[in-house]
Amino acid sequence: MTESLPPGHSHPDASLTRDHSAQSISKRIFVDAQKYFHGARASHWIDTGCTICLFRSLVQTCEIPSWNGCSSTDGNLMAVQGALHDQTDDLGELVRDARDRARLSQRVVAERSGISLRTLREIENGRVRTPRRHSIQRLAEVLQDPRLLDQAAAKSLLDEAAYGEDDRLMLRVLGQLSAVRGQSVLNAGTPMQQSLLGLMALHANESVSQAEIVDVLWGEAPPNSFNQLVHTYVSRLRALLAKHSDPNSDASAIVRRNAGYELRIGTDQLDLLRFRELAKEAEHARVSGDLTLEVRLLTDLLRLWSGPVLHGSSPRLQQHPLAMDANQQQITAALRLAELAVAYGHYEKAINQLQPLVRHHPLHEGLHAQLMVALAGASQQVEALDLFSKLDRTLRIDFGIDPGPELRAAQLSVLRGVSRAADDKAVQAAPPRAEAERPYGLPPDTPDLVGRSEHHQVLQHLTQSGSPGGLFGPSPVASIYGPPGVGKSVLAVRVANSCRLRYVHGVLYADLRSDTQADSHVAYTVLHRFLRALGMAEAEIPRGLTERISAYRSLLAERRVLVVVDNVVREEQLQPLLPSGFTSALLFTSWAPLSTIPGARHFPLSLFTAEQSVRLLTRIVGKERVLAERQMAEEIAELCGHLPLAIRIVGQRLVTRPHWPLSRMVQRLSDEQGRLSELSHGELDVRARLDTHLVPLASASRRALLALVRACGGSFTLRAAAASLGCSLVAAEDVAETLVDHQLLEGPDSAGRYAFPVLTRLHARERFA
């Protein structure tokens, strides 16, 4: 029997029955949206968001009668939900069919999509009635099946009903990347688009250069259309963020900054920023001795985590220096909280904090050692010893090394029934022992370091060299080289800190800048320090250089240690310090690439861009002063020749003189005769740094340098150089290239012109006048 339609409604099908009323109309809407979506996809101008909008529009404009006392809007949603339930009846079959077409196992699909294997099996068996939209979205992306993408598009209508106008967008990167509003997980787009969002979130409120974006998204083989693709991804992300941002704000969440893009977001909208804020507060509480507040803050900041940073994203993004830094900070915080918990007998709290981290970092000996102590305190000695046995077996079989001293100490502690954490005074006064008991001689990191794409490249080489884990190839060797004051040492320290998760047996550090002894004696002295740091007793250290080299390499062959050698001048200084085996690595800095070091990969470090220069100055003197005199800040950067050391010196001088406007410093730097004298503050001195750079320069090259500075000014062609030096073009080119090798010249550029760095020209004119 037919049912009459409400007054004012008509339908071409007069025989519409109750069974085909709301449910049938909603199904038709779904089918119409699907057809439109398929047609639009072929045109390559519409994405999932357009389908959602179309779907919502069809539902809202469709005249579905009210029933059971529900409003028309509620009826629409109920009808759509009913249609979706019918659609999900076939979801399991659809996923199985797509997986068979792709010839992928359930385990592979689960790993690539980031959902659990159990959930995937439940979906395929039809036992999940209402799968989450982002789960369907991930499956669609892995299996490349448009039918699954349609499912995600349709379900987003219901998902978006789970947030209100007052709910703010929240980005999460401490775990899997997600964009959340209220109870709804939003569609962040394709994997590449999500990777870009994750990268900008790591650099929140800082510009990300185009070069770094291309490197993270595509590595060494970007497509020819990468510029257009990046622009497309940014446009889509900008639209997504604009849709879910404050309607009263006209500011864009993603802005163009020089040659890159910046994600502008508040601390309350990005979990990584909130984590960093809480970590600083926890450190202040520790220093002030307020353990109660410290425990509360550590607990709060660790609750923000659901897994490693950007878990499930591309390896290049997961291994980004900023991601690895955050992971290390989480481990440090968890170890500190666990030690405090154990000290006061709260063993279960320590176990709950450490067990997830041990699963994500199965080779971190510090985490295992602290978890063993907590398990022993909770009367789970068997579980603690089993934990040790598993890691011991992995280290011996897979890596060919013995457990470190801390893990051994934890094992003995459990065997003797003695908890190392009984001394709560030591716990309160010291950082986690996981970091204190292995050699770690690096100088302090620089908190206001401006990000460079070279950081990611060097770190990737040191952690991914050779076969997986770098275990079946020679020890990786990385070289950072560039002109004096460009920031080689600062970058090396930051890279070494970022490697702490891999080189679990510590970092050895030596600075050769002030060593004027013979090369063999330099190596002899450094090896003595290294052997002591590696645990060798004074009486056991060999007297001969050859024997010391042999002992040093034997110890490194059994461990995972990063050796950092700063300010190397000659290859002879470095050769004795090269590690052997497959598990350790070497990172060194020099003013020029040392081409005779076997297997070394060289990473040049150039001067800052204008944007990087202003960013460093802003971090040192504060945003307010730079915003008030932005043009003066850019002028300071130009007068400093975009040399990081010079900009740092100017910034520190301005900090000590808060009453000085930036224009005052511009006035002082504008005098070329006195500029180098202005670029000195405490132990930092541009003139002194440039002086040491001229030491290895031959006298003939010094004379040529002075002649070119006097005759050619800031830049010159080879023809002008030949005229100034009174030699042939070939001889002039040899001289110019020698100066380029010594980082005293830049170029040649596309027009064939060589150029002096600004401060190098002033220094050469002053020294050789």
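**Notebook: a buried aspartate, aromatic pairs and a hairpin**

I began with Asp215, which is buried (under 20% relative accessible area, with exposed over 50% and partly exposed in between, for a 1.4 Å probe and protein chains only) yet has no salt bridge. I took a salt bridge to be a side-chain nitrogen of Lys or Arg within 4 Å of a carboxyl oxygen of Asp or Glu. The nearest side chain of opposite charge is Arg316, 6.1 Å away; in this count Lys and Arg are positive and Asp and Glu negative, while His and the chain ends are not counted.

I note that this is a predicted model, in which local features need pLDDT of at least 70, side-chain atom pairs count only at pLDDT 80 or more, and totals for chains, interfaces and linings use all residues. Residues are numbered from 1 along each chain as its sequence is written, and side-chain values use heavy atoms, with hydrogens and water left out.

I placed Asp215 in helix H10 (residues 210–218); helices (H or I, at least four residues) and strands (E, at least two) are DSSP runs numbered from the N terminus. Setting aside neighbours within four places in sequence, I found Asp215 in contact with Arg316, His456 and Gln457, contact being heavy atoms within 4.5 Å.

**Aromatic pairs**

I found five aromatic pairs in the structure. Rings of Phe, Tyr and Trp (its six-membered ring) pair if their centres lie within 6.5 Å; planes under 30 degrees apart are stacked, over 60 edge-to-face, and the rest tilted. Phe716 and Tyr754 have ring centres 5.9 Å apart and planes at 20°, so I recorded this pair as stacked. Phe716 is in strand S14 (residues 715–716) and Tyr754 in strand S15 (residues 754–755), so the pair ties together parts 38 residues apart in sequence. Both Phe716 and Tyr754 are buried.

I then looked up Phe716 with Phe756: the centres are 5.9 Å apart and the planes at 50°, so this pair is tilted. Phe756 lies in the loop between S15 and helix H37 (758–767), so its pairing with Phe716 in S14 links parts 40 residues apart in sequence. Phe756 is buried, as is Phe716.

**Hairpin**

I found strand S5 (residues 254–257) running antiparallel to strand S6 (residues 260–263), joined by four bridges; strands pair if DSSP finds at least two bridges between them. Ile254 stands opposite Leu263 in S6. S5 and S6 form a hairpin with two residues between them, and Asn258 in the turn has a positive phi of about 50°.
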